[in-house]
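I'm going to look up a few spots and jot down what I find.

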Amino acid sequence: MSGLPSFRGVLFMVVAVLAVTLAAGGVVLVLGGDPQETAHEPPRRRTPQQQTPALDKLVPTTAPVKDFGAGGAGVTPTPPRVLAVAPATIPRRTRLALAKLTHVTKAAVVDAGAVKISGTGLNLLAVDPADFRSWTPRPVADQPAVWSALARGELVADAAATREFGLVLGAHYQVDGGPRLRVAASAPLGLSGVDGLVSAELGRTLGLAPGVAVLLHGKEGRIGEAGVRKLLGKGAQVLLLDAGTRKKKQREQPVATTGRPGSYLDLYKLSATRCPGLSWTVLAAIGQVETGHGRNNGPSSAGALGPMQFMPATWKSYGVDGDGDGTADIWSPYDAVPGAANYLCATGAGQGGEKLRKAIWHYNHSWDYVDKVMGIAEAYARTYA
């Protein structure tokens, strides 16, 4: 995103630089992915699926996954639409004015700053776990391990930062002259330019700048940047976290819907029409391999979710509202199956042949997986010819 280097610069200006060295450790909870990566990676070992009923008899369901979201009851996600960092503590009167801006329905001010790990800067927000939980995507808000880690004084790294900087989950980082920090979890935080979260108490120990970062929630694509800049003054950095959505809405055309298909067979056939040249049997085969047509929706060991096993960040880029209910739900087969068709089409599946095989490989980086999907697709073609 344009302007990100300046955003990093603001964080470096408001705090002292801390040196950190890396030590070994074990791996704990991993969530997330990147919009530019595959639907899920690395390839996952799967348990054998039970015998699956006939597709034309199997009715899709949107019933919630029983074990998902333990400890997250009552959390209503209010994703930030705007993230801004001021060069100094934001006064109370300014905070009140920010909360009263047009289209702003919720505001939060938190501590922020930067630390260094072997010469590499990490931008951190220091937050209260209970208060900040609703500011994260639901798959993150509904993971108790993330918030327990913050409460214990551990670091939760953004998924992209974990990969970019080679952070080792479970490893301890010795702050020069300060505490040892453990990277307890990695999750897609949805906060551009922010590499991780720590608790407010730990943030004070690290010397992060008090009350310099503000998050604003409201109707998507409606909060104006100019008003935020005017209140925060010269030197503030403002990021529109929903900028991609604002542009996408400008390009989108209304899509007519005809209700929900009555069986998985119909759902696969209807969804395949989103990608000219893609056979519905490929979608059906992926649905069988991934979750047995919605019977084992995850989360997987890699953090993939729903009946077509999308990583949350990939879903953010390719997910669709397939049934026209106003929500693109990663857990709903009526959204997930057409979302899979959308993703496959973007990687060339509609061209057939080797392009199709490569698109399936992008879905799960394994040629054995490709062969298995193609074999099942051929079986479906014979069965439902």
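**Entry 1: a strand pair.** I started with Tyr173, whose bridge partner in β7 is Leu181. Quick reminder to myself: this is a predicted model. I then looked up how the two strands run, and β6 (residues 171-175) and β7 (residues 180-187) pair in the antiparallel sense over three bridges.

Next I wanted to know which side chains of β6 point to which face.

**Entry 2: two helices.** I moved on to α10 (residues 264-272) and α11 (residues 280-291), whose axes come within 8 Å and cross at roughly 125 degrees. So I wrote down α10 as oblique to α11. The crossing is right-handed.

Who meets whom? From α10 I listed Leu265, Tyr268, Lys269, Ser271 and Ala272, and they meet Trp280, Leu283, Ala284 and Gly287 in α11. By class, I get six nonpolar, two polar and one charged residues in this contact.

**Entry 3: positive phi.** I looked up two residues that aren't glycine but have a positive phi: His103 at about 75 degrees and Gln309 at about 55 degrees. His103 is in the loop between α2 (92-99) and β3 (104-117), and Gln309 is in the loop between α11 and α12 (312-318).

Buried or partly exposed? His103 is partly exposed, with a relative accessible area of 33%. Gln309 has a relative accessible area of 2%, so I noted Gln309 as buried.

Terms used: Residues numbered from 1 in each chain as written. Predicted model: local features only at pLDDT ≥ 70, side-chain atom pairs only at ≥ 80, totals over all residues. Heavy atoms only, no water. Axes fitted to C-alpha atoms, helices over the stretch in contact; angles between N-to-C directions. Helix = DSSP H or I, 4+ residues; strand = E, 2+ residues; numbered from the N terminus. Parallel < 35°, antiparallel > 145°, perpendicular 65-115°, else oblique. Left-handed = near helix turned anticlockwise from the far one by under 90°. Contact = heavy atoms within 4.5 Å. Nonpolar A, V, L, I, M, F, W, Y, C, P; charged D, E, K, R; others polar. Buried < 20%, exposed > 50% of the residue type's maximum accessible area, 1.4 Å probe, protein only. Pairing = 2+ DSSP bridges.
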